[in-house]
Amino acid sequence: MSHATAQNPVDPKDILIEDPSETDCNVCGKQCPSKQCLERHMCLVHNGYCDVCNQRIDNEDAEAHGLKHNGLKPVQCDTCFKLFSSRSGFVNHVTKDLMCLLCNKTFTVTSRAKHLRLHNMRLHYI
Ligand SMILES: [Zn+2]
Ligand SMILES: [Zn+2]
Ligand SMILES: [Zn+2]
Ligand SMILES: [Zn+2]
């Protein structure tokens, strides 16, 4: 007879919620797909500052400026004009963040499994 193994007190699926923070731009009302995208949108489009070349682009069109950084990056986000070398990089960029109710950290859907593993390990010791 073996004694009961520690029960997992929380279903891993229940500790993750979509990050409720607002991702709509409060200046132009554009709906940004993720917080990451909103931050860049604010920076480039409304503050006229490009964090890729670290300079102001006051007199330039944000979309056109984004294309200056294209190099080998054929995919452009139409919300914040960031460029990506691959479709998967772009998908990662527009993926909504998740928030973990256990540690209040936010992370992307792609790192979800990794984050859950972290807690599953810890939960056994609670
Ligand atoms: Zn905006
Ligand atoms: Zn974007
Ligand atoms: Zn730039
Ligand atoms: Zn967590």
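Student: Which residues does UniProt list for "domain: C2H2-type"?

Tutor: The unreviewed UniProt entry lists residues 23-48 under that name; UniProt positions follow the numbering used here, feature names are shortened, and annotations may be inferred rather than shown by experiment. This is a predicted model, in which local features need pLDDT of at least 70, side-chain atom pairs count only at pLDDT 80 or more, and totals for chains, interfaces and linings use all residues. Residues are numbered from 1 along each chain as its sequence is written, while chains are lettered from A and ligands numbered from 1 in the order in which they are written.

Student: How much of residues 23-48 is helix, and how much is strand?

Tutor: Helices (H or I, at least four residues) and strands (E, at least two) are DSSP runs, numbered from the N terminus. Over residues 23-48 the chain is 46% helix and 0% strand, with the end C-alpha atoms 19 Å apart.

Student: Which residues form the largest nonpolar core?

Tutor: In soluble globular proteins, nonpolar side chains tend to be buried together. A nonpolar core is a set of buried Ala, Val, Leu, Ile, Met, Phe, Trp, Tyr and Cys residues joined through C-beta atoms within 7 Å. Here the largest has 9 residues: Cys32, Cys37, Leu38, Leu44, Val45, Cys50, Cys77, Cys80 and Phe81. Helix α1 (residues 35-46) gives the most to this core, with 4 residues.

Student: Is phenylalanine 81 buried or exposed?

Tutor: A residue is buried if 20 or more other C-beta atoms lie within 10 Å of its own, exposed if 12 or fewer, and partly exposed in between; C-beta atoms are placed from the backbone. Phenylalanine 81 counts as buried because it has 20 C-beta neighbours inside 10 Å. Its place is the loop between β4 (75-76) and β5 (83-84).

Student: What is the phi of phenylalanine 81?

Tutor: Most residues other than glycine have a negative phi. Phenylalanine 81, although not a glycine, has a positive phi of about 65 degrees. Asparagine 104 also has a positive phi, of about 60 degrees, and lies in the loop between β6 (97-100) and β7 (106-108). Asparagine 104 is exposed, because 7 other C-beta atoms lie within 10 Å.

Student: Where is alanine 64, and how far is it from phenylalanine 81 in space?

Tutor: Alanine 64 belongs to helix α2 (residues 62-68). Alanine 64 is exposed, since 10 other C-beta atoms lie within 10 Å.
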